[in-house]
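Subject: Structure handover

Hello,

Here is the structure I promised to pass on. Please open it alongside this note.

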Amino acid sequence: MLLLHILLTILKIAGILLLTAAGLLLLILLALLFVPVTYTVRGDKQRETWGVSARVSWLFGGISATVWHRGQTGWELRLLGIPVRKLMRRLNARKKKRSAGKKASLRETEKKEHRPLQPSGKTETVEEERQPVLKTVSVERESPENPPAETEELPKGEKTESRRIRLAAALGNLLRRIRGLLLWLVHIPAKIAGRIRKMWLTFRNFCDKIRRWKDFLTRDTTKAAAKFLLGRGRALLAHILPRKVRGKVTVGFEDPAMTGQLLAAAGVFYPLYRDNIQITPVFNRQVLEGDFLLKGRIFGAAFVWSAWKIYRNRDVRTTWQGFRNKEA
């Protein structure tokens with residue numbers, strides 16, 4: 001009975017742990033899908049100085065990263081409001097301090113345990129002199145008693161026979177070379193014809209591929225899939241673009257006509273920014289000053305939903321299968 005109670009307790013603890021892990025995984029998944037990633041971009045320019053900064057955060061600011069440039073570039077990463085770089089610097093400094101303390105304590109112990117050694121007697125070193133060893137080589141000189149061997153000359157008949165043999169060998173070699181050259185010349189037209197045939201086959205295969213790809217791209221399913229993907233891409237782009245845009249710009253040129261042209265060009269894009277950006281023209285001097293602010297958020301669920309819609313679209317699946325067959 002006691003053993004059964006222990007087994008049930010173990011199973012209960014294991015079930016609680018499994019449920020806790022599953023709950024944490026579900027919580028993380030829901031956070032990835034429905035907790036937005038927010039971003040903020042700021043910038044300003046005043047006379048000769050300018051600066052820009054960008055901040056990305058998640059979990060309502062629990063995890064954030066900031067990058068800025070104002071004279072010099074810098075970055076900062078925070079976890080639950082704690083600056084990671086400063087924390088790492090403090091930990092490294094503390095580690096170095098501990099290692100320095102350990103080294104100092106080791107030196108102190110070595111000094112305490114050190115004992116002076118007794119002077120040892122000097123040993124005289126003896127240098128060994130090496131004498132070069134000369135090797136004598138006996139050379140036999142010519143003497144009247146040992147005259148050099150005389151070369152024996154062949155008879156005239158044997159000389160003529162050897163010349164004929166060499167001449168016949170040279171003539172045979174020349175004939176073989178001529179025969180090889182003639183065979184190479186004979187095979188040249190066949191080689192040219194083979195090259196032309198191979199080039200023609202390559203060109204015909206290329207034309208066939210172009211025709212197949214043209215047929216594939218002009219199908220109704222391919223056009224429908226491209227239209228659907230373009231629509232999903234526009235929807236994702238609209239989701240990613242900033243929701244809040246604010247800015248003030250003071251701009252001008254020494255030539256008033258150029259300032260007027262700039263205002264006319266900005267008026268073309270007025271339906272996009274409307275009253276979010278205020279443009280102040282200056283007609284008597286050259287100036288460019290102002291500031292801007294961009295804010296937006298991105299949900300992971302938007303990407304998952306778009307991926308699911310693309311996967312479920314019949315035209316996209318048919319086009320993908322046809323594309324894989326074309327590649328194969």
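Predicted model: local features only at pLDDT ≥ 70, side-chain atom pairs only at ≥ 80, totals over all residues.

Residues are numbered from 1 along each chain as its sequence is written, and side-chain values use heavy atoms, without hydrogens and water.

Start with strand β8 (residues 287–298). It pairs with β1 (residues 37–46), antiparallel, over nine bridges. Val37 faces Ile298 there. β8 also pairs with β6 (residues 244–252), again antiparallel over nine bridges. Here Lys244 has Lys295 as its bridge partner. (Pairing needs at least two DSSP bridges; helices, H or I, are DSSP runs of at least four residues and strands, E, of at least two.)

Next, the helices. The axes of α4 (residues 220–240) and α7 (residues 300–312) come within 11 Å and cross at roughly 175°. (Axes are lines fitted to C-alpha atoms over the stretch in contact, with angles from 0 to 180 degrees between N-to-C directions.) The two helices are therefore roughly antiparallel, a term for angles over 145 degrees. Phe228 and Leu229 of α4 are among the contact residues, as are Phe303 and Trp305 of α7. (Contact means heavy atoms within 4.5 Å.)

Regards

Note on methods
Parallel < 35°, antiparallel > 145°, perpendicular 65-115°, else oblique.
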